[in-house]
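Here is a short briefing on one protein model. Take a look at the structure, then work through the points.

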Amino acid sequence: MFSLMLQGGRRSRELHQWRNLNLLLQNGSAFTESFSSVVATAKDLSLEDDRKRKTFTVSYLIDSLGLTTKLAESISMKANFDEKGNPDSVLKLLRSYGFKDSQISSIIATYPRFLVESPEKSLRAKLHFLKLNGASSSELTEIVSKVPKILGKRGGKWIIHYYDYVKEILQDQDTSSSSKRKQTNRNRNVSVLRELGVPQRLLLNLLISRAKPVCGKERFEESVKKIVEMGFDPKSPKFVNALYVFYELSDKTIEEKVNAYKRLGLSLDEVWAVFKKWPFSLKYSEKKIIQTFETLKRVGLTGDEVCLMVKRYPECVGTSEEKIVKSVETFLELGFTKDEFVMIIKRHPQCIGLAADSVKRKTEFLVKTMGWPLKVVASTPIVLGFSLEKFVLPRCNVIKALLSNGLIGEIPAISSVLTSPKLKFLKLFVENHQDVLPELNSIFTGDIM
């Protein structure tokens, strides 16, 4: 009974989403008024709070661990906070076990949630368990920082099990010790992958995966043979991802999924080209693959356009229906028309996966601050994927300086400002005007705001 209630509630939410989406699609033109007419809502306030938390998190990670802005921003998208009490406790705990800041960075990048969870309830217990089972401080810090996913395992038995796996493989790098050890499927398979050129960081993560693709024999050999014949680069994560797929799925299951793509409009060659671009395209169920195609058609794309989108950006297959609907709502609420939204995801499919607050911040800046019309942004949607702070602002600050000093009469085309190669941009907008405005280069680098 309870499961039926849950299913009914989920279905009700889905219907509500689609009703809202249909209203937005039918009345898209109603959203094309100026940004000044948009009334602040509770949603806007929530986005603002979220933005402040992410900004605080980024500053904290840069100051406390010396992370790059890019990595700090990536972590803040998965876990963020507005007080430093808990993250301070996490860093203090890890340092007390001998972890260096570079090693802590590796752990936090893999499991950002540790920053917002109580260290006493999860992290300390796992580290203490490993110490009780004989791990020395130097060994513990080396192994855990190389394979932080060990800390994501639940239950002491599994933690020590995978810890010993990794420890054994690291020791096997010493030929003298590996020659004395009994050869298991795992050791033999790891040696095969090493000889093919699979890097250590990818090998170690393979060891603790639930699928255990390095523990079999015939299935492992068949899978590796297929991947090598398809031309995957052993140094690339795609090689390992393809190994997961071939090892986990039977030939019959793979054939069924390939046929699902073919029924939806892709040729056999195109299906395998998509797989080579993103191996996980065959991990999803037939139901999920079909659902994604139907959802994209529901928001305005034709069948051929969906196929083209999948070929250009296979990751869209894994995008949830909810996220696609949310993306449509975000763009239409910002003032883009339905046709402009379709053009945006046709030209730059990655836009379907962008966070709502990121799209809003960038669109508001480009339209309200810089003065480019919405239709211009829609025609060059790749700009919405650029970092606002690291890429868009430096270039736009140069343009604003040129305009305010009368060195150019009007704002240039968005493509020449934001999609030109760096050297071309510098020549056109910095070097050509540096005699009159010598501080332009400092404005571009951020030394002068």
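This is a predicted model: local features need pLDDT of at least 70, side-chain atom pairs count only at pLDDT 80 or more; totals for chains, interfaces and linings use all residues.

The protein has 25 helices and zero strands. Its 449 residues are 44% buried.

**Whole protein**
- The accessible surface comes to about 23,100 Å².
- Carbon and sulfur atoms hold 53% of that surface.
- Take the contacts in the protein with a separation of 6 or more: 71% of them join residues 24 or more positions apart.

**A pair of helices**
- Two packed helices are described by the angle between their axes and the distance between the axes.
- Helix H13 covers residues 237-248, and helix H15 covers residues 268-277.
- The axes of H13 and H15 come within 9 Å and cross at roughly 120°.
- That angle makes H13 oblique to H15, because angles of 65 to 115 degrees count as roughly perpendicular and only those over 145 as roughly antiparallel.
- On the H13 side, the contact is made by Lys238, Ala242, Val245 and Phe246.
- On the H15 side, Trp272, Phe275, Lys276 and Lys277 take part.

**A nonpolar surface patch**
- Val192, Leu196 and Val228 form a nonpolar patch on the surface.
- Together, these three residues have about 190 Å² of accessible area.
- Val228 lies in helix H12, which spans residues 218-230.
- Is Val228 buried, partly exposed or exposed? Val228 counts as partly exposed because its relative accessibility is 39%, and partly exposed lies between under 20% for buried and over 50% for exposed.

Conventions
Residues are numbered from 1 along each chain as its sequence is written. Side-chain values use heavy atoms; hydrogens and water are left out. Patches are made of residues with over 30% relative accessible area and no salt bridge: like charges are joined within 9 Å, nonpolar side chains (Val, Leu, Ile, Met, Phe, Trp, Tyr) within 5 Å. Accessible areas come from the Shrake-Rupley method with a 1.4 Å probe; for residues, only the protein chains shown count as cover. A salt bridge is a side-chain nitrogen of Lys or Arg within 4 Å of a carboxyl oxygen of Asp or Glu. Helices (H or I, at least four residues) and strands (E, at least two) are DSSP runs, numbered from the N terminus. Buried means under 20% relative accessible area, exposed over 50%, partly exposed in between (1.4 Å probe, protein chains only). Axes are lines fitted to C-alpha atoms, for helices over the stretch in contact, and angles run from 0 to 180 degrees between N-to-C directions. Angles under 35 degrees count as roughly parallel, over 145 as roughly antiparallel, 65 to 115 as roughly perpendicular and the rest as oblique. Contact means heavy atoms within 4.5 Å.
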